[in-house]
Amino acid sequence: MILKRALAACVAVLLAGSAHALTLSQDFNNGSLNGFGVINLGAGSIANGGPDGADDPYMSIEDTGSGFMDVTFNSDWLGDLSAFDGATFSADFIQTDQATGGYLDGFGEIRITGGGRTIGADVILVDPTDVWQSASAVLTAELFGVTQSQWEETLADVTVFAIRAESWSNPSETVGYDNFKLVSTTAPVPLPAGGVLLLTGLGALVLRRKMRG
């Protein structure tokens, strides 16, 4: 019985983490911007009325000038993001106010600075409306239009991770973002040779005990 328990425990330990998800996320549910900001003539604040209901906090971004405002992510989204090659990015978005004008291209473009370059890719392919919508995209070198080596160099030392919030031709709109998420599921890790030997040895002991019994 002891050997059986030991074998089961070893299997659990050796297989744990053989495939696991790495996740970055921000839902603003604590009522704070949590280090997220707005650059290029925009102002960020927390508002209620997110995709989960009237009491759901989200990040509201008000256009205050003629720049192309971006939301900048906090330090959790900076540094070495190599593990997120091929990760899925997702977000919820809305436009709550605007004056006379029309939609601009570029809303929802992710811009990443790292490795001495800035690269961008559209991950939201529809215009924001007064109803919450969701979008997602798999982040790859191909999506950003760079080589795999350039992509890896960028991810290895990210200094800016941002998403375009500018959506309207007349500088008057207010948009919202919520539930930012970046999820990378790593490939299964092969069982180490030592682990295989350990399992084999324990299995042999269990079999030997049974034969003696």
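1. A quick term first: two strands pair if DSSP finds at least two bridges between them, where strands (E, at least two residues) and helices (H or I, at least four) are DSSP runs numbered from the N terminus. With that in hand, five strands form an open sheet here, in the order 2-5-10-7-8, with antiparallel pairing. Strand 2 (37–39) and strand 8 (117–122) stand at the edges with a single partner strand each, so one side of each has no neighbour in the sheet.

2. Before going on, please keep in mind that this is a predicted model: local features need pLDDT of at least 70, side-chain atom pairs count only at pLDDT 80 or more, and totals for chains, interfaces and linings use all residues. Residues are numbered from 1 along each chain as its sequence is written, and side-chain values use heavy atoms, leaving out hydrogens and water.

3. Within the sheet, have a look at strand 5 (residues 70–72) and strand 10 (residues 158–164), which pair in the antiparallel sense over three bridges. Asp70 has Arg164 of strand 10 as its bridge partner. The side chains of these two residues are also joined by a polar contact of 2.4 Å (a pair of N or O atoms within 3.5 Å, one able to donate a hydrogen and the other to accept it).

4. Is Arg164 buried or exposed? Arg164 counts as buried, at 12% relative accessibility (buried means under 20% relative accessible area, with a 1.4 Å probe and protein chains only). Beyond its neighbours within four places in sequence, Arg164 is in contact with residues including Phe68, Phe107, Glu109 and Tyr177 (contact means heavy atoms within 4.5 Å).

How values were computed. Buried means under 20% relative accessible area, exposed over 50%, partly exposed in between (1.4 Å probe, protein chains only).
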